[in-house]
Amino acid sequence: MKNLQSLVRPNIWALEPYSCARDEFKGMEAHVFLDANESPYNEPLNRYPDPLQEKVKKILAPVKHVRPSQIFLGNGSDEAIDLIYRIFCNPKQDNVVAIAPTYGMYKVCADVNDVEYRSVSLSEDWQLNPKALLAATDSNTKVIWICSPNNPTGNDFPREVLHEVLMSFEGIVVIDEAYSDFSTQQPFRTVLDNYPNLIVLNTFSKAWASAAIRLGMAFASEEIIALFNKVKYPYNVNLLAQEKACALLADRPTLDGWLVQVNREREHVLPALAELPIVQEVFPTDANFVLVRVTDANRVYQYLIGKGIVVRNRHRVQLCNDCLRITIGTRQENNELLGALRFFK
Ligand SMILES: *Cc1c(COP(=O)(O)O)cnc(C)c1O
């Protein structure tokens, strides 16, 4: 890895972060708070929340096998994605490299930040060629984006392949593991200490069933997390989200139960889809969704809409012609989908 300073935008490296009232007062117990122009009424919502979400991180760290100082929490993973551009990529000068097809937000945030986005196509069976990825980089490439299990294809990339990218690229490698809970492969967040250039993304939105609270996670070295903390809005995660996260994590059996249930449903849905005459291919999946190639994706999509069933039409996405991305739901929802598809003409 290049030294961290050479990868960070000079203005960010030099940045003196906003010092909020809750940062300045640390340590001793106090009971009269007249430092932040808050109202004395409407407790507890009158108080600014913990800017570094220490309670959440303390509970989260052992669950994710990282240290609290290696965690950034944001308003969804989307905040972490945007911050990675703002920390590392000089607009109009630097570039990033990503696979295609993949999650759309990497490109949207590149465009917002005026950073060149280079994409390298996966093979027809959704494999990633590390040499091709590396070949697309140059001295201005700051970040490589890899989503594994990948959205929308559903597959994990082999660990050796990701290891090769991490070892041979001198800049930052982001591995988005939003769906890793649904996979049997060991996630990279557990070996964070082996890779100083690695940032792993996780989210409360998928296996943890909490998309509404908007809570995303980034795991990286303490030095990289310090940069996130410097650039983020001071109170980027609100009190209600922090409290809800703690409550969720206090009931691990329920979270684990949801995961078991979704994985079990996946085993039920995949073979049933494969038997349908309109289905040409069910791609292997390590996530809570499956990419399916059908005879005519636009027609099937419209037909399902007519039945009140919404799936994701990926027909226009690179290499995904005639593909639908279908999320695994409850037994009842899945059966409703399968029943409708059996009657498609
Ligand atoms: C759903 C998803 C996320 C989660 O985004 P949030 O902003 O945390 O809800 C992140 N990455 C990928 C690839 C996703 O599909």
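Strands E8 and E9 run antiparallel and are joined by 3 bridges. Here strands (E, at least two residues) and helices (H or I, at least four) are DSSP runs numbered from the N terminus, and two strands pair if DSSP finds at least two bridges between them. Within this pair, Val279 stands opposite Val294 in E9. Step back and you see an open sheet of 4 strands in the order E8-E9-E11-E10, with antiparallel pairing. Strand E8 (279–282) and strand E10 (312–313) are at the edges with a single partner strand each, so one side of each has no neighbour in the sheet.

A word on what you're looking at: this is a predicted model, where local features need pLDDT of at least 70 and side-chain atom pairs count only at pLDDT 80 or more, while totals for chains, interfaces and linings use all residues. Residues are numbered from 1 along each chain as its sequence is written, and side-chain values use heavy atoms, with hydrogens and water left out.

Now for the empty spaces. Rolling a probe the size of a water molecule over the atoms shows where empty space is left. The search uses a 1 Å grid over the protein atoms alone: a cavity is a set of points where a 1.4 Å probe fits but cannot get out, a pocket is an open set with protein on both sides within 12 Å along at least five of seven lines, and lining residues have an atom within 4 Å of a point. Points are joined across faces, edges and corners, and a volume is the space filled by probe spheres set on them. For residue classes, Ala, Val, Leu, Ile, Met, Phe, Trp, Tyr, Cys and Pro count as nonpolar, Asp, Glu, Lys and Arg as charged, and the others, Gly among them, as polar.

| Space | Volume | Lining by class |
|---|---|---|
| Largest pocket | about 730 Å³ | 12 nonpolar, 4 polar, 10 charged residues |
| Second largest pocket | about 490 Å³ | 13 nonpolar, 5 polar, 5 charged residues |
| Largest cavity | about 50 Å³ | 4 nonpolar, 5 polar, 2 charged residues |
| Second largest cavity | about 40 Å³ | 9 nonpolar, no polar, no charged residues |

The whole structure holds 2 cavities of 30 Å³ or more. The lining of the largest cavity includes Ser148, Asp156, Glu177 and Phe188.

As for the pockets, 26 residues line the largest one, and Arg22, Phe33, Tyr48, Pro49 and Asp50 are the closest to its centre. Helix H10 gives the most to that lining, with 4 residues. The second largest pocket draws at least two lining residues from each of helix H11 (252–274), E11 and helix H13 (331–342).

Finally, the ligand. It's surrounded by 14 residues, the closest being Asp176, Tyr179, Thr203, Ser205 and Lys206; a residue counts as near if one of its heavy atoms lies within 4 Å. A polar side-chain atom of Tyr179 sits 2.6 Å from a ligand oxygen atom, and one of Arg214 is 2.7 Å from an oxygen atom of the ligand. Taken alone, the ligand exposes 390 Å², and the protein buries 94% of that (areas by the Shrake-Rupley method with a 1.4 Å probe).

Methods
Polar contact = N/O pair within 3.5 Å; in protein donor to acceptor, adjacent residues only side chain to side chain.
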